[in-house]
Amino acid sequence: MSSQMTSALPIARSASEGRRKKRNNRLQEVAMLLPACLLIALFLLVPFISSFQIALTNQRLIPRPVPTRFVGLGNFAQVLSDPEFWTALLNVVRFTLMILPIQCGMALALALLLNQKLPFRNFFRGVFFLPAITSMAVVCVIWATLFQYPAGPLNQILSFVTFGFAGPIDWLGDTRFAMLSIVLLSAWQAYGFQMIVYLAGLQNIPESLYEAARLDGANSWQRFWHITMPSLRQTHIFVLIITTIQAFKLFVQVNILTQGGPRGSTNTVVQYMFSAGFVDQRLGLASAVSIILFLIVLVISLVQRFVMRDRP
């Protein structure tokens, strides 16, 4: 009996040491995460929660001489009854519907190309990713030069290609082309992030699936449609949600290039919010716009996730 107890002691001691190590590891993990969590809380969560409080008041950027008072849902009612807000929201929806196939299509096509065994593959990956790490303000300045009317580079290329029959086009001053110009600029600047995500998804697809398909006589299109696309389902969901969120946050390009013009054709919800908060100095109204935008993006993201979820 005593020998059994003696043999059980090392086992109990080792189990206790294992639990102590696990507890210490958890404490270390929490300690490492704490600085990041504090920064997120300070710069994201606290301002977001404060916006709910501000949205229920008539607070202004400069409080005096108008005192801050509680207005309830008045700001929300004013925003939802403003035709300019609905025009801005419609513009953002148009922008999103236009940029999703262009940007995601470019990203997937380049990811498929750069996933092949090409010479200098890593170099080209870096080159294609370069626009994504370039400041949007710098990109806007460059593209503003390309869009110059009437003798900008794009108009000169258009005139050369069409032998002078087309153009010049006022890319940023014509209501028919202003939003399209913003879409092309935005897609070119941001496709690199989605390309990297698709590359990661492609590299997780087992090569054995393609080998089996080749043995069965499947051509390149069949392998892409029946192996690559289904295997990238979760990647598609992530890319679509992230791209949609970024599209609804459209601001910098519009603020630098068009300021919402011409005739409101490129005005966006964030530009509308900026004007309300910093031009008209109505922080309560701007906070209400931000909350409405958050709820819209949240609903759209949940719908996308539901529609594209894995079905049994």
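A residue counts as exposed when its relative accessible area is over 50%, as buried when that area is under 20%, and as partly exposed in between. The legends below describe close-up views of a predicted model.

**Figure 1. Salt bridge between Arg176 and Asp174.** The side chains of Arg176 and Asp174 meet with an N to O distance of 2.9 Å. Arg176 is exposed because its relative accessibility is 64%. Asp174, by contrast, has a relative accessibility of 18% and therefore counts as buried. This pair belongs to a set of 2 salt bridges found by the rule.

**Figure 2. Salt bridge between Glu207 and Arg214.** The closest N and O atoms of Glu207 and Arg214 are 3.5 Å apart. That separation meets the criterion because a salt bridge requires the side-chain nitrogen and the carboxyl oxygen to lie within 4 Å. Glu207 is partly exposed, at 43% relative accessibility. Arg214 has a relative accessible area of 41% and is likewise partly exposed.

**Figure 3. Interface of domain 1 and domain 2.** The domain assignment of the protein chain places domain 1 at residues 10–55 and domain 2 at residues 74–307. Taken over C-alpha atoms, the centres of domain 1 and domain 2 are separated by 35 Å. In the interface, 5 residues of domain 1 are in contact with 9 residues of domain 2. The two domains bury about 500 Å² between them, and 75% of this area is on carbon and sulfur atoms. Of the area that domain 1 buries against domain 2, Phe48, Ile54 and Ala55 supply 72%, more than any other three residues. By class, the side of domain 1 that touches domain 2 has 4 nonpolar residues, 1 polar residue and no charged residues. The count of salt bridges between domain 1 and domain 2 is 0. The rule for polar contacts finds 1 residue pair across this interface, with both residues at pLDDT 80 or more.

Figure 4. Ser186 is buried because its relative accessibility is 4%. The side chain of Ser186 reaches the backbone oxygen of Ile182 at 2.7 Å. When residues up to four places away in sequence are not counted, Ser186 touches Phe95, Ile99, Gln103, Leu250 and Gln253.

Figure 5. Leu185 has a relative accessible area of 0% and so counts as buried. Leaving out residues up to four places away in sequence, Leu185 touches Met136, Val139, Cys140, Trp143, Phe147, Gln253 and Leu257. Leu185 and Gly261 are 76 residues apart in sequence, with a C-alpha to C-alpha distance of 16 Å.

**Figure 6. Packing of helix H12.** Helix H12 covers residues 269–279, and its buried residues are Val269, Val270, Gln271, Tyr272, Ala276 and Gly277. The buried residues of H12 pack against helix H2 (74–80), helix H3 (83–114), helix H10 (233–248), helix H11 (252–257) and helix H13 (283–307). Just after H12, Gln281 takes a positive phi of about 60°.

**Figure 7. Loop between H11 and H12.** Pro262 is found in this loop, and the peptide bond from Gly261 to Pro262 is cis, with omega near -5°. Gln259 is also found in the loop between H11 and H12. Phi of Gln259 is near 55°, a positive value in a residue other than glycine. Gln259 counts as partly exposed because its relative accessibility is 48%. As background, most residues other than glycine have a negative phi, and most peptide bonds are trans.

**Figure 8. Cis peptide bond between Tyr149 and Pro150.** The bond that joins Tyr149 and Pro150 has an omega of about 5°. Pro150 lies in the loop between helix H5 (136–146) and helix H6 (153–161).

**Figure 9. Positive phi at Phe120.** Phe120 lies in the loop between H3 and helix H4 (121–129). Phi of this residue, which is not glycine, is near 60°. Phe120 is exposed because its relative accessibility is 65%.

Conventions
Residues numbered from 1 in each chain as written. Predicted model: local features only at pLDDT ≥ 70, side-chain atom pairs only at ≥ 80, totals over all residues. Heavy atoms only, no water. Domains from an automatic or database assignment. Contact = heavy atoms within 4.5 Å. Buried area = accessible area lost by both parts, 1.4 Å probe. Polar contact = N/O pair within 3.5 Å; in protein donor to acceptor, adjacent residues only side chain to side chain. Nonpolar A, V, L, I, M, F, W, Y, C, P; charged D, E, K, R; others polar. Buried < 20%, exposed > 50% of the residue type's maximum accessible area, 1.4 Å probe, protein only. Helix = DSSP H or I, 4+ residues; strand = E, 2+ residues; numbered from the N terminus.
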